[in-house]
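Hi,

Here is the structure I promised to pass on. Have a look at it first, and my notes on what I found follow below.

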Amino acid sequence: MPIKVLPPDLANKIAAGEVIERPASVVKELVENSLDAGATRIVVEVAGGGTEKLRVTDDGEGITPAELEIAFARQATSKLQTQEQLDAIATLGFRGEALPSIAAVSRLTMTTRPHEADAGQRIAIDWGNVSADGPQGCPVGTSVEVADLFGNMPARRKFLKSNSTETGRVQELVARYALAYPSVAFQMVNEGRRLLTSSGNGQPRETLLAVYGAEAAEDMLEIHGEDPENGYDVDGFISAPNLHRSNRTYMAFFVNRRWIQSRMLSFALEEAYHGLLPERRFPMAAINLTVPYGEVDVNSHPAKREVRFHQEGKVFSALQRTVRAALISDSPVPPLQSPSGPSTRMIYPPSGNQSYFPKTVFSGQQQEAFSGPVDAAAPVSAAPPLKVVGQVKLTYIVAEGPDGMFLVDQHAAHERILFDRIQATDAGEQPAESLLEPAMVDLSPAQVEVLQKNSETLTRYGYRIESFGANAYLVRAVPSILSDQDPGQGLLNVLDMVAFEGLLRQQEDVLAASIACHSAIRAGKSLSDAEMRSLLEQLEATTNPHTCPHGRPTMLHFSSFHMEREFGRR
């Protein structure tokens, strides 16, 4: 078969297939155009799941009559002119493909009027061919109506889902952009019925209420984190640990307010909740990462749903740290839940002006919580004073504290104590235990890379390691807290944990956490009353007594109210 240039009509359909997959794709492109045009109000109307008709109307800048037909030519855009702009894209759209792609697979009508014009202009395009063009009375802004979507591509249309499913996808997309742009009023209408309305008054919490409803929004926590060195900001809302869903649909990520899909960011968020959610449950989140435009490539996916970061590890760490700090600050000691349902979150008797469990921002008693985001560096409340009662399964310490009973994980608690002790030691002063006979270990290439990258920190924490040819190494000294363990196996465990968790926090923190983990007392070890008292006293003195270095909780709380309710006393 000879090589031939494709006919324009067929080439346009192929190109449109890369950009326009379903009705939600059309809405995405049109809404992003509206936002780039400075719109403050956007209305999305849908009928027949979006294939029969959909319309996006805004009050943005509009298009001049002279440019209207040009706007439907491929690679025609007002947003990109130079290579420098391509290297640091600041707008949501930039390729000049959306409008011609939509017009190639539908019957499209656009009416538009710039602010300075006395009248508007209308253009109608059927399957890529202009059928009408002329003056039209209309308000300032732009309205694009798309009818009979994929009417000339029956093969594409038959792969669409039901009308209700496609409408749901459109609503989901509009909700995400409403969360990203709280200063823009969004409205979603399906078959004349209003599904979503946001006020556009710039108050993110009001948008949360419009999208998720009052019950879910009540347990959403505001987050804010900064990385001035790299120019990263993390802002948005996450759910408290008692609010979770069965899938990842409720996790929305934005980069410079562009909605994206990212496995890396999803993993970072889920890792931040590690130990706080039931198995196979996922948090709700609407998070925007502000990244220097030159540090992110938004031109790596045909539909612009995925991006690439120049420093992926640092973005991962910025997100994970910010979310984890907010979770710890909000609810440092998770309450136990009974089979009959979730327990009521209780507040301990106050110490000064603080409580162990801060009230939620929707409780009506701490309105100042609306005034600003949770500071990622905010100190965590101290551990409650606890009185030892006993030990369960040689793993958990039972203790009595303010307003009820506490279960303390002895391994996680000891991890936190050792981690803080390692971190507090000045450089060069970490106690080390010299070995009478050096231990030889053979490392994998990955372990060698981790060892070489962290050699200075390992030395500071008490390791003395020498190369012994190829991938063999001699361990001559170990941190004193690891002196009772196999030195070679201990090093292998530490290196493996650093390799696994290297993205989760700074390398130095990973090393300290790894050493602490492999030094801490294990589950199954019997402790005397004196040992348990000492452990709890040391835990109370740590900087963050409520989680271990890996983010797992050190204690659970069973409130007096909960116990009285379960025993029928209330």
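The helices (H or I, at least four residues) and strands (E, at least two) are DSSP runs, numbered from the N terminus.

Please keep in mind that this is a predicted model, where local features need pLDDT of at least 70, side-chain atom pairs count only at pLDDT 80 or more, and totals for chains, interfaces and linings use all residues. Residues are numbered from 1 along each chain as its sequence is written, and side-chain values use heavy atoms, with hydrogens and water left out.

The overall picture

The chain has 18 helices and 23 strands. Of its 570 residues, 50% count as buried (under 20% relative accessible area; exposed is over 50% and partly exposed in between, with a 1.4 Å probe and protein chains only). Take the contacts (heavy atoms within 4.5 Å) between residues at least 6 apart in sequence: 70% of them join residues at least 24 apart.

Leu6 sits in the segment before H1. With a relative accessibility of 43%, Leu6 counts as partly exposed. Neighbours within four places in sequence aside, Leu6 touches Ala11 and Ile14.

Arg22 is in the loop between helix H1 (8-19) and H2. Buried or exposed, this Arg22? It counts as buried, at 18% relative accessibility.

Then comes H2 itself, residues 23-36. Its 14 residues should span 20 Å at 1.5 Å a residue, and the end C-alpha atoms are 20 Å apart, which agrees (the expected span is 1.5 Å times one less than the number of residues). H2 is largely enclosed by the rest of the structure, because 12 of its 14 residues are buried. Among them are Pro23, Val26, Lys28, Glu29 and Glu32. After H2 comes Gly38, with a positive phi near 80°.

Two helix pairs

Two packed helices are described by the angle between their axes and the distance between the axes. Here the axes are lines fitted to C-alpha atoms, for helices over the stretch in contact, and angles run from 0 to 180 degrees between N-to-C directions.

Helix H7 (residues 163-180) and helix H8 (residues 204-212) cross at roughly 165°, and their axes come within 9 Å. H7 and H8 are therefore roughly antiparallel. In this pair Ala175, Ala178 and Leu179 of H7 meet Thr207, Leu208, Val211 and Tyr212 of H8.

Helix H12 (residues 410-424) and helix H17 (residues 529-540) pack at about 50°, with axes 9 Å apart. That makes H12 and H17 oblique to each other. On the H12 side the contact uses Gln410, Ala413, His414, Arg416, Ile417 and Arg421, and on the H17 side Leu535, Gln538 and Leu539.

One more residue

Gln447 belongs to helix H13 (residues 445-453). Its relative accessible area is 10%, so Gln447 is buried. Beyond neighbours within four places in sequence, Gln447 is in contact with Asp442, Leu492, Leu495 and Asp496.

Cheers

Technical notes: Angles under 35 degrees count as roughly parallel, over 145 as roughly antiparallel, 65 to 115 as roughly perpendicular and the rest as oblique.
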